[in-house]
Amino acid sequence: MTGSTAAARELKAGGSLKGRVRVPGDKSISHRALLFGAIAEGETTIEGLLPAEDPISTAACLRAMGAEISPIAEGDLIRVTGVGLDGLQEPDTVLDCGNSGTTMRLMLGLLAGRHGRHFVLTGDASLRRRPMQRVGHPLAMLGAEVRGRGDGNFAPLAVQGRRLRGAVVGTPVASAQVKSALLLAALTAEGSTTVIEPAPSRDHSERMLKAFGADLTVGGEMGRHIRVQPGAQLKGQHVVVPGDISSAAFWLVAGALVPGADLTVENVGLNPTRTGVLDVLEQMEAKIEVLNRRDVAGEPVGDLRVTSGPLQPFRFGEDIMPRLVDEVPILTVAACFCDGESHISGAAELRVKETDRLAVMARQLKAMGADLDETPDGLVIRGGRPLRGAALDSETDHRVAMSLAVASLLASGDSTLNRSEAAAVSYPSFWDDLARLRT
Ligand code: S3P
């Protein structure tokens, strides 16, 4: 997202929240369904794809390289006509990844092994500030050539497609984006590749690549070793995308905090690599029930009912971070409303997300009167102090926008939110859902 001249959104304080909400499709799974569909043979159909700015960026890049993807609109079944593993064409212009780190990082892996072809990737001001060497360096061990500003760290990036060779590669951070880039590159390498993560990150790529027919095995302690043997052709699939637990988290926290609230969030993906937020909410004694647990197309899914009640402060750190990395902003809001001190550590990765989320959340919540401090890798939040309405700013970050919207419900007066349209990066119908659920 870039800055905008749209008027600040009015956020009224007070009231309660009641009803059922179906959050849009999981962002991580949506990107992967488009990417893997594009390099498979035959047609992939996608049900529940997230119709938001980030997956739309992925689709646009893939179309520019010859994959056919039907228009992305809410509720539509999306059809991807794959070009096969080696069928992506050299685009005749720059690939624009918008605000999406997942698009850029997975594209690097996808394109690195396209021998003799040249690609240039860029994105918005936020994405051009985000570190890319964490992908470029491990890819170089397979023989990839990725160049960019700041010694290859920042977009615009140029990828000169090379013949890749398999390798055993350790990733520098527990990042599903880095891991997935390597797995995609490994599909086009000569010989097998093993990716070793410092800690397990979300495993949607592994699950979906296997379903598409890739020769991929997961082993080692806690599934941290992922091995890809190239050669298998991917075959188009029918993918059903569950609701995004990272979007559901806003309703879970709002439902737990707002007096009298009773919300049911339907069809939420409950992949265990993503459910850290539920563990923390349990630690806080939030009243959340998981209903109707089921398996949908290789991913666990359930409905989550939340009712409000008093919450306890929390403490979490590095160990759980990969399982709730995107939920730290909304959990910071939750901590403001519990009596006592909450501690977040091991969250240095938050500083290189769409914004420096530790700094931005601290700045914005302080404007509401919250008592919290940044540490180099986290936050200390002294909760229980009433928040007041304020002139807030998403600072272009979608998860900040939605987190501040939840905080504003509980403030003593009304707020305004500048750059609220950032929410459309992952949850375009957020403001409509909020208006509908308010009582
Ligand atoms: C994502 C992985 C996470 C997450 C991001 C989406 C993915 O990033 O923060 O929103 O789809 O792989 P990292 O893997 O860099 O931690």
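Visitor: Which residue does Glu349 meet in a salt bridge?
Guide: Keep in mind that this is a predicted model. Glu349 sits in the loop between β21 (340-344) and α12 (357-367), and its partner is in helix α4 (residues 133-140), 215 residues apart. The N to O distance is 2.8 Å, and the side chain at the other end belongs to Arg134.

Visitor: Is Arg134 buried or exposed?
Guide: To count as buried, a residue needs under 20% relative accessible area. Arg134 comes in at 13%, so Arg134 is buried.

Visitor: What about Glu145 and Arg147: which residue does Arg147 meet, and how is Arg147 classed?
Guide: Those two side chains form a salt bridge at 3.3 Å, N to O. Glu145 has a relative accessible area of 21%, which makes Glu145 partly exposed. For Arg147 the value is 56%, and the cut-off for exposed is over 50%. So Arg147 meets Glu145, and Arg147 is exposed.

Visitor: Which helices does the salt bridge between Lys179 and Glu206 tie together?
Guide: The closest N and O atoms of Lys179 and Glu206 are 2.7 Å apart. Lys179 and Glu206 are 27 residues apart in sequence, so their pairing ties together two helices: α6 (residues 176-187) and α7 (residues 204-211).

Visitor: Is Glu206 buried or exposed, and which other residues of α7 are classed like that?
Guide: Lys179 is buried, and Glu206 is too. The buried residues of α7 pack against several elements, including α1 (27-39), α6 and β19 (299-307). Besides Glu206, the buried residues of α7 are His204, Ser205, Met208 and Leu209.

Visitor: Which residue with a positive phi follows α7?
Guide: Helix α7 spans residues 204-211. The residue that follows has a phi near 105°, and that residue is Gly213.

Visitor: How many salt bridges does the structure hold?
Guide: Side chains of opposite charge can pair when their charged atoms come close. Here, some salt bridges link up into a network that includes Arg130, Asp326, Glu354 and Arg399. For the structure, the count is 34.

Visitor: What is Trp251 in contact with?
Guide: Trp251 is one of the core residues that touch the most other members. Leave aside neighbours within four places in sequence, and its contacts include Val21, Leu263, Tyr427, Phe430 and Leu437.

Visitor: How many residues does the other core have?
Guide: This other core lies apart from the largest one, and among its members are Leu62, Ile78, Val169 and Val239. Its count is 65 residues.

Visitor: How much of the ligand does the protein bury?
Guide: The residues around the ligand include Lys27, Thr102, Ala176 and Asp326. Ligand oxygen atoms lie 2.7 Å from a side-chain N or O atom of Ser28, 3.0 Å from a backbone N or O atom of Gln177 and 2.7 Å from a side-chain N or O atom of Lys353. Taken alone, the ligand exposes 380 Å², and the share of that buried by the protein is 95%.

Technical notes. Residues numbered from 1 in each chain as written. Predicted model: local features only at pLDDT ≥ 70, side-chain atom pairs only at ≥ 80, totals over all residues. Heavy atoms only, no water. Salt bridge = Lys/Arg side-chain N within 4 Å of Asp/Glu carboxyl O. Helix = DSSP H or I, 4+ residues; strand = E, 2+ residues; numbered from the N terminus. Buried < 20%, exposed > 50% of the residue type's maximum accessible area, 1.4 Å probe, protein only. Core = buried A, V, L, I, M, F, W, Y, C linked by side-chain atoms within 4.5 Å. Contact = heavy atoms within 4.5 Å. Near = heavy atom within 4 Å. Polar contact = N/O pair within 3.5 Å; in protein donor to acceptor, adjacent residues only side chain to side chain. Areas by Shrake-Rupley, 256 points an atom, 1.4 Å probe, with all protein chains shown as cover.
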